[in-house]
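Please keep the sequence and the model in view while reading.

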Amino acid sequence: MDERPQKQAKILKSTSEEVSSIEWEFIKMTEQEEDLVYRIYRLVGDRWDLIAGRIPGRTAEEIERFWIMRHGEMFADKRDEEKAKVS
C-alpha cells in the first residue's frame, strides 16, 4: 500500500462579491471609440469580444459595461450627472 501522505482537495470559497451594476464606474471613451462601438454593434450585435478586438486597449467587459450604461434605463440618472459635469 502507498504510504505517501494523501493530499486533500482544497475547497476555495470566493471572497469577492459581484459589484452591483449601479456601483460601476462610468466608462469614458473618445468620440472615435464610441462611433466604432456603435458601427460594429450594428454589424455584429452584442458580440463584445469582437468589438473589443477592434478597439486597442479595451476589453469586452469594458465595451459591454459602456453599452449597458449608455442604453440601460437604470443608468439614466448617472448619465444625466455625467452630462452635467461636462457642461
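## Model and overall make-up

This is a predicted model, in which local features need pLDDT of at least 70 and side-chain atom pairs count only at pLDDT 80 or more, while totals for chains, interfaces and linings use all residues. Residues are numbered from 1 along each chain as its sequence is written, and side-chain values use heavy atoms, with hydrogens and water left out.

The protein chain has 4 helices and 0 strands, in the order α-α-α-α from the N terminus. Helices (H or I, at least four residues) and strands (E, at least two) are DSSP runs, numbered from the N terminus. Of the 87 residues in the protein chain, 23% are buried. Here buried means under 20% relative accessible area, exposed over 50%, and partly exposed in between, with a 1.4 Å probe and protein chains only.

The unreviewed UniProt entry carries the annotation "domain: Myb-like" for residues 30–67. UniProt positions are given in the numbering used here, feature names are shortened, and annotations may be inferred rather than shown by experiment. Over residues 30–67 the chain is 74% helix and 0% strand, and the end C-alpha atoms are 14 Å apart.

## Helix H1

Helix H1 covers residues 31–44, which makes 14 residues. From first to last C-alpha it reaches 20 Å, close to the expected 20 Å; the expected span is 1.5 Å times one less than the number of residues.

Glu33, Glu34, Val37 and Ile40 are the buried residues of H1. Seen down the helix axis, they fall within an arc of 140 degrees, so they line one face of H1; the arc is that of the directions from the axis to the C-beta atoms. These buried residues pack against helix H2 (48–53) and helix H3 (60–71). On the other side of H1, Glu31, Gln32, Arg42 and Leu43 are exposed.

## Aromatic pairs

The structure holds 5 aromatic pairs. Rings of Phe, Tyr and Trp (its six-membered ring) pair if their centres lie within 6.5 Å; planes under 30 degrees apart count as stacked, over 60 as edge-to-face and the rest as tilted. One of the pairs is Tyr38 with Phe66, edge-to-face at 6.5 Å centre to centre and 70 degrees between the planes. Tyr38 lies in H1 and Phe66 in H3, so this pair ties together parts 28 residues apart in sequence. Tyr38 is partly exposed at 26% relative accessibility, whereas Phe66 is buried at 2%.

Trp48 and Trp67 form a tilted pair, 6.0 Å centre to centre with 45 degrees between the planes. Trp48 is in H2 and Trp67 in H3, so the pair ties together parts 19 residues apart in sequence. Both residues are buried, Trp48 at 11% and Trp67 at 13%. Tyr38, Tyr41, Trp48, Phe66 and Trp67 form one aromatic cluster.

## Nonpolar core

The largest nonpolar core has 11 residues, among them Ile27, Met29, Val37, Ile40, Trp48, Phe66 and Trp67. Such a core is a set of buried Ala, Val, Leu, Ile, Met, Phe, Trp, Tyr and Cys residues joined through side-chain atoms within 4.5 Å. H1, H2 and H3 each supply at least two residues of this core.

Leaving aside residues up to four places away in sequence, Val37 touches Met29, Ile51, Ile55, Ile63, Phe66 and Trp67. Contact means heavy atoms within 4.5 Å.
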